[in-house]
Amino acid sequence: MMATFRMAAGAALLALALPVLAADAVRPDAAAIERGRYLATAGDCIACHSVPGGQPMAGGLSLATPLGAVYATNITPSTTHGIGNYTLKQFSDAVRHGVRADGANLYPAMPYTAYAKVTDEDTAALYDYFMHGVAAVDAAPAQTTDLPFPFNIRLSMAGWNMLFLDKKPFVADTAKSMEWNRGAYLAQGLAHCTTCHTPRNALMAEQLSKELGGADLGTWHAPNITSDSNSGVGGWSQQELVDYLRTGRAANKAQAAGPMAEAIDHSLKHLSDADLNAIAHYVKSVPAIRDKADTRPVTQWGKAGDELAAIRGVPLPQNLNKMSGAQLYDAQCASCHQARGEGSFDGSLPPLFHNSVTGRSNSNNLVMAILDGVERQDGEGRQTAGHAVSHVMPAFRQTLSDEQIVTLGNYVQTMYGNPDVKVTAEQVTTLRNGGAPSNLIGLARAGLIVGVLVLLALLLWWRGRRRKDA
């Protein structure tokens, strides 16, 4: 009997020591799983953790960062290659604190600095969804993250977290309305707006004093979305913002492309009207930040016009790189955007004037739209198999040379946008090749060398003192 008791006690202790597997846990009801699915959609988890044509949440997508490619991991409930063995606490630590179940640190390409705002209740709902609402994929992504030294040492992120990670969940401001608080909770947390729209310091941490003031995001530019009337969205109505978040377009204001189009298609357009209104309400309250170059609202530059009279009957140059801006526009753009830049007659393509892309002091998005075009996901995007991609604008990366893009870009800026903003050859070449390299790796290595030298100097000083005392 004593042996039986010991065996039973040992089994009980072993059960306490082992994590509860998703398959063994009590399955939550359908409402809890659906709530978690909605929250995961708000967090846009699908966009980073799925590859086009692949299984949802199975990882493998390459995320470009200034330090190199970070590959998204498998976050399906697979017990061999995913997170199926994670306890709720381990899941919470990964999502909100950037620490995996094995204790290794995640890189902040996963926006855990924003997800730290998520409440305990919503984190539990997310856990229910990932454990019971996502199909397990028992396969590892084809590639894994391998950043250069010293960032390949994941422990270095622990020091970064000490400096820049605020682990406190969102606390409601009782002086604000329920709508404002809901919008702030979503925008600061799951929707992680600051991750893209807030500039970063030399250590790649968000400069919170410039919240939503605009930042370069690899090759694309995430614009200023503060309440400033010139540089931001201060001149937008709340409904215009909601329309943009739902459809990717606000008439005579802006249209989404690049990473923002993906965020809308995979996440924002699936949110409720109440939540989109809350986000818009909050964003319009963010303190205004103005770019000095924006002397008028970025959506009020330009007008319809053309230079057809100057090019009719004029032969094209033998060297097509020497085509004029008007010739390039007539050959490549006028069939969709119309000869005078008015946009398509059915309204599906916007005018090039009174357009934030041509009105901003940063012309990166104009260049990127020419290079890579504009794609939109139809239906549910990557959340379902067989999703369709709409090519709203074709890519000219293979069609136009850097010199032609410079000429065309400057023609569009001068004719339809802010004429003081230029497209340069260096800019086009840099964007075509993936963006400007970061100097953070060099700074980190230099810092390590200095640290080692200081440590050696202190060690020599200490040994000298000991000998002198002896």
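Contact is taken here to mean that heavy atoms lie within 4.5 Å of one another, and in this predicted model the buried residues of helix α14 are covered by elements that include α13 (308–311), α15 (334–337) and α18 (402–416). Helix α14 itself spans residues 325–332, and within this helix Gly-325, Ala-326, Gln-327, Leu-328 and Tyr-329 are buried.

The mean pLDDT of the protein chain is 88, and 88% of its residues reach 70 or more. Over residues 1–24, however, pLDDT stays under 50, and for this stretch the model has 11 contacts beyond four places in sequence. Residues 380–386 likewise have a pLDDT below 50, with 19 contacts in the model beyond near neighbours in sequence. Where pLDDT is low, the predicted coordinates should not be read in detail.

The largest nonpolar core holds 65 residues, of which Met-57, Phe-91, Phe-130 and Tyr-244 touch the most other members. Helix α6 supplies the largest share of this core, namely 6 residues. Another core, of 30 residues, lies apart from the largest one, and among its members are Met-368, Ile-405, Val-406 and Tyr-411.

Phe-130 has a relative accessibility of 4%, and because buried means under 20% relative accessible area, this residue counts as buried. When its neighbours within four places in sequence are left aside, Phe-130 is in contact with Ala-40, Cys-45, Met-57, Ile-75, Pro-77, Ile-83 and Phe-91. Phe-91 is buried as well, with a relative accessible area of 5%.

Aromatic rings provide a further view of the structure, with a count of 10 aromatic pairs. In one of these pairs, Phe-91 and Tyr-127 are arranged edge-to-face, with 5.5 Å from centre to centre and 65 degrees between the planes. Because Phe-91 lies in helix α4 (residues 88–97) and Tyr-127 in helix α6 (residues 120–132), this pair ties together parts that are 36 residues apart in sequence. Both Phe-91 and Tyr-127 are buried. The rings of Phe-91 and Phe-130 also pair, and since their centres are 5.9 Å apart and their planes stand at 45 degrees, the arrangement is tilted. This second pair again links distant parts of the chain, with Phe-91 in helix α4 and Phe-130 in helix α6, 39 residues apart. Together with Tyr-129, the residues Phe-91, Tyr-127 and Phe-130 form one aromatic cluster.

Charged side chains are placed over aromatic rings at two sites described here. Lys-176 lies over the face of Trp-180, at 5.2 Å from the ring centre, while the charged end of Arg-296 sits over the ring of Trp-301, 3.9 Å from its centre.

Asp-265 is buried, with a relative accessible area of 2%. The side chain of Asp-265 reaches the backbone nitrogen of Gln-377 at 2.7 Å. Leaving aside neighbours within four places in sequence, the residues in contact with Asp-265 are His-270, Arg-376 and Gln-377.

Methods
Residues are numbered from 1 along each chain as its sequence is written. This is a predicted model: local features need pLDDT of at least 70, side-chain atom pairs count only at pLDDT 80 or more; totals for chains, interfaces and linings use all residues. Side-chain values use heavy atoms; hydrogens and water are left out. Rings of Phe, Tyr and Trp (its six-membered ring) pair if their centres lie within 6.5 Å; planes under 30 degrees apart count as stacked, over 60 as edge-to-face and the rest as tilted. Helices (H or I, at least four residues) and strands (E, at least two) are DSSP runs, numbered from the N terminus. Buried means under 20% relative accessible area, exposed over 50%, partly exposed in between (1.4 Å probe, protein chains only). A charge sits over a ring if NZ of Lys or CZ of Arg is within 6 Å of the ring centre and within 35 degrees of the ring normal. A nonpolar core is a set of buried Ala, Val, Leu, Ile, Met, Phe, Trp, Tyr and Cys residues joined through side-chain atoms within 4.5 Å. pLDDT is the predictor's confidence in each residue, from 0 to 100. A polar contact is a pair of N or O atoms within 3.5 Å; within protein, one must be able to donate a hydrogen and the other to accept it, and residues adjacent in sequence count only if both atoms are side-chain atoms.
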